[in-house]
Amino acid sequence: MSILVVEHLTKKFGSFTALDGVNMELKEGEVYGFIGPNGAGKSTTIRILLGIIKATSGSAKIFGKDVWKDAVEIHKRVAYVPGDVHLWPNLTGGEVIDILLKMNGKYDKKKRDRFIELFDFDPTKKCRAYSKGNRQKVALIAAFASDADLFIFDEPTTGLDPLMETYFRQSVLEAKQEGKTVLFSSHILSEVEKLCDRVGIIRQGKIIETGSLDELRYITRSNFTVKTRETLSGLDELEGVYHIEEKDGEYSFQVDSEKIDAVIRHISQFGVVKLESSPPTLEDLFLRHYERVGKQEAGDA
Amino acid sequence: MYGKYMKRTGLIFTLLVKQLRWKLFVWLFAITGINVLVASFYPSLYKDVASRLAASMTMENPAMIAMLGPGYETEAYLASPGPFFANEMLLFTAIAAAIMNILLVSQSTRGDEEAGRLEIVQARSVGKVAYTNAVMIIIFGANVLLSLLIGIGIGLLQIEGMDWQSTMLFGSVLGLTGLVFGAMTLVIAQLVESARSVTMFSLMVLILSYLIRAIGDVNYEWLSYASPLGWTVRTKVFADDDWLPVIVLSVLTVFFGLLALYLHAKRDIGSGYFTPRKGRSHASKLLLTPFGFHLWMQKTNIAAWTLAIFVLSWSMGFVMGDMESYWQDIELIEQFLAADMQAEMTEQFITLIIAIMTLIGTIPVAMTVLHLKGEEMRGFMENMFSRATSRHRVLANYVLLSIFVSLLMQTALAVGFWSGCVAVLEEPMTFLTTLKAAFVYLPAMWLFSGIAVWLYGWFPKLTPLVWLYLSYGFFVMYLGNLLDMPLWLRNISVFEHVAKIPLEEVKVFPLAIIVIIAFLFFLFGFYHFRKRDLFG
């Protein structure tokens, strides 16, 4: 069942087109990573999904309901953590958490206290005294403690320390195990990689790639580091091998996924002393995609 | 020494000027414009001795003294229209100048600090108090400019009895009053932590200064010297031209300025001198209801305004006692005016006082609605609207709150004024009549919250128009008669359509129309608010 369906979503601010026909679909129980560089349109998409701003054209539905018209109904089952958390300076963190939870109706006080403890948060300070990370904790606690079916995170960990980031991932996976759906925007790629089932890559208001991580890996390359007894030769003549570098007899290069077999066969002739391979990171995927687009654009011109 | 504290003051100065230039322009233009405009009417007013004599008696009336400051010798009034102009314009213009300074200073000190702008500036190779210093130079420049503009502007009119020396004194005392309050705000900005508290505390000091001066001017002159505004109204400008108050106000400004620099040099960025206490870890029951939440967020503002309206109204009521003995003292009036005429004049003052207090009370009514704009701009509303809270519900709560505030203000007005009267008058108005006189203005106040809701819902950038309309209402009420404004121009102000109890009978029809118009504004506001994008 689809929890969230976005079709041809377009948003214009005056003459500037922030979103240009975005399509997206989230199935129940999946964690969807929404990645792209700064200013690509991630937050604009999310704000449309939350009914805070109105799409110029196209449709966006959550739980089968229109995100603009039925915002209040939808939000009863949605928990949102913005990237930049702004809180009322004269209320305490604990008060804000209670108020946010109460806005969605009844809430579980024990769950609230459990997450306050998990994130090691002091709820008695006024919000004006909290750091960025602590303000983010307020929003995270209010989100995880609420009884939501869809979680929307907009770059939620930018202010958190590594330990808190671990707790955050743990909480997301917990929610996933309970069958909740998660939309997760980020430009920190390792984070998306650890959490997400599927990703959509957005750039300049357009989704340029979408699919499961495996599917996207298909179009990218693995990294290899090789040391051989005999001098390794002929590498640059092989198809699908890129960025060859040699240092003290050690070679490092990238290989297209479908050419790995041929490359391994080739290098094994030289007596392998050391062989390290690492899966492509989303970073590589990202760069690779832009390289490709860049070449195409250069070709078009 | 210079490097450590003052370095880059000039650069920050240009930065701030860029930030503030439009606001400065509007303020200076408005204050100067109104003064020159009003002054230009004076040659045609008070032409003959009889009208000057009559007007001078009005000025000696305690209610007028409480409102406008002490009068002049009768000879001075007879000599030129200048003293009338000073009576009618000086104090209120000085208050406008003070408000200008308070808002400018609180915005460019704690406002910038709260938004984190001070931090990025201070992280550079910049002197410790350079920012505060730059703000001081700006308000100094702004007030000098104000003094010159008004002094030259009125001087150029070449009105009889208002020569250059006098007009420059008039301008100078206005500029210096502005400066005193600017510097005082600068001190307060070092003590409390948020821009909003800075504005609020400073406005409270302004109101308190006005009040101390009012009581002092009527009964105990020594008390007036304790208030900066007491000095403001003691120049005898356009008659004896006493520059002593200008000197006193200058000394006060320098004192506050140095104190602010000293306090700023000693404190940490982002902190004040009052350290916050540990707060609650859970929200109270009240805070968890939507209305309770909005009430809680604005409680300090509302309480402060209620208190201010109450105290102001009480002191105005208290002055009515002096009014009564004033009539008895002046045999001339005794002879000319029949007893019922006296009563009518007293009632006229009562209606004027209630009307002016209502105008002041309308400020918090509109502010209550506009608070929502501030909340949206600061990104707080995202928290609400991303949850199961509808825009209409939030706006409706704000409307409810602003109606609640209007009731509160008018009740404070009635209770304050009546209890002031009761303390000194033998035959005061009944409480019920006073309450009626205050409550009859409620629809007009709702119109203002309606306009605020509409502008906010439709195009939030235009919300300052509410203040323009309110200022217009004040202008008409205060100077409409004097300047003989045409009726249609006066009728633009909604307050002109409200019956002046106890002078006039309540007419239901105009009130009903006002309520309907207010309601339409609410409807438009709600309609547009549902349709527009939010900022944050």
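In chain B, 30 residues of domain 1 are in contact with 30 residues of domain 2, where contact means heavy atoms within 4.5 Å. This is a predicted model, in which local features need pLDDT of at least 70, side-chain atom pairs count only at pLDDT 80 or more, and totals for chains, interfaces and linings use all residues. Residues are numbered from 1 along each chain as its sequence is written, chains are lettered from A and ligands numbered from 1 in the order in which they are written, and side-chain values use heavy atoms, with hydrogens and water left out.

**Domains of chain B**

- The domain assignment divides chain B into domain 1 (1-272) and domain 2 (284-536); such bounds come from an automatic or database domain assignment.
- The centres of domain 1 and domain 2 of chain B, taken over C-alpha atoms, are separated by 26 Å.

**The second largest pocket**

- A pocket is found on a 1 Å grid over the protein atoms alone, as an open set of points with protein on both sides within 12 Å along at least five of seven lines, and its lining residues have an atom within 4 Å of a point.
- The second largest pocket has a volume of about 930 Å³; grid points are joined across faces, edges and corners, and a volume is the space filled by probe spheres set on the points.
- Domain 1 (1-272) and domain 2 (284-536) of chain B both give residues to the lining of this pocket, so the pocket lies between them.
- Its lining has 26 residues, and B:Gln348, B:Leu352, B:Met477, B:Tyr478 and B:Asn481 lie nearest the centre.
- At least two lining residues each come from helix 3 (49-60), helix 4 (62-68), helix 17 (339-377) and helix 22 (465-479) of chain B; helices (H or I, at least four residues) and strands (E, at least two) are DSSP runs, numbered from the N terminus.
- Helix 17 of chain B gives the most to this lining, with 6 residues.
- By class, the lining of the second largest pocket has 16 nonpolar, 5 polar and 5 charged residues. Ala, Val, Leu, Ile, Met, Phe, Trp, Tyr, Cys and Pro count as nonpolar, Asp, Glu, Lys and Arg as charged, and the others, Gly among them, as polar.

**Cavities**

- Rolling a probe the size of a water molecule over the atoms shows where empty space is left.
- A cavity is a set of grid points where a 1.4 Å probe fits but cannot get out, and the whole structure has 5 cavities of 30 Å³ or more.
- The largest cavity holds about 90 Å³ of space.
- Residues of chain A and chain B line the largest cavity, among them A:Tyr80, A:Leu100, B:Glu382 and B:Arg387.
- Helix 5 (132-144) of chain A and helix 18 (381-385) of chain B each supply at least two residues of that lining.
- The lining of the largest cavity divides into 7 nonpolar, 2 polar and 2 charged residues.
- The second largest cavity holds about 60 Å³ of space, and its lining includes B:Thr109, B:Tyr131, B:Gln190 and B:His264.
- Two or more residues of the lining of the second largest cavity come from each of helix 6 (82-114), helix 8 (130-155) and helix 9 (164-191) of chain B.
- Helix 6 of chain B gives the largest share of this lining, 3 residues.
- The lining of the second largest cavity has 3 nonpolar, 4 polar and 3 charged residues.

**Chain A**

- Chain A has 10 helices and 14 strands, and its C-alpha trace spans about 70 × 45 × 35 Å along its principal axes.
- Of the 301 residues in chain A, 50% are buried; buried means under 20% relative accessible area, exposed over 50%, and partly exposed in between (1.4 Å probe, protein chains only).
- Among contacts in chain A between residues at least 6 apart in sequence, 69% join residues at least 24 apart.

**Helix 9 of chain A**

- A:Val263, A:His266 and A:Ile267 are buried in helix 9 (residues 260-268) of chain A.
- Seen down the axis of helix 9 of chain A, the buried residues fall within an arc of 90°, so they line one face of the helix; the arc is that of the directions from the helix axis to the C-beta atoms.
- These buried residues pack against strand 11 (221-228), strand 12 (241-247), strand 13 (250-256) and strand 14 (272-278) of chain A.

**Two single residues**

- B:Thr9 lies in helix 2 (residues 9-41) of chain B and is buried, with a relative accessible area of 6%.
- Not counting residues up to four places away in sequence, B:Thr9 touches B:Ala130, B:Asn133, B:Ala134 and B:Ile137.
- A:Ile208, in strand 10 (residues 206-212) of chain A, is partly exposed, with a relative accessible area of 27%.
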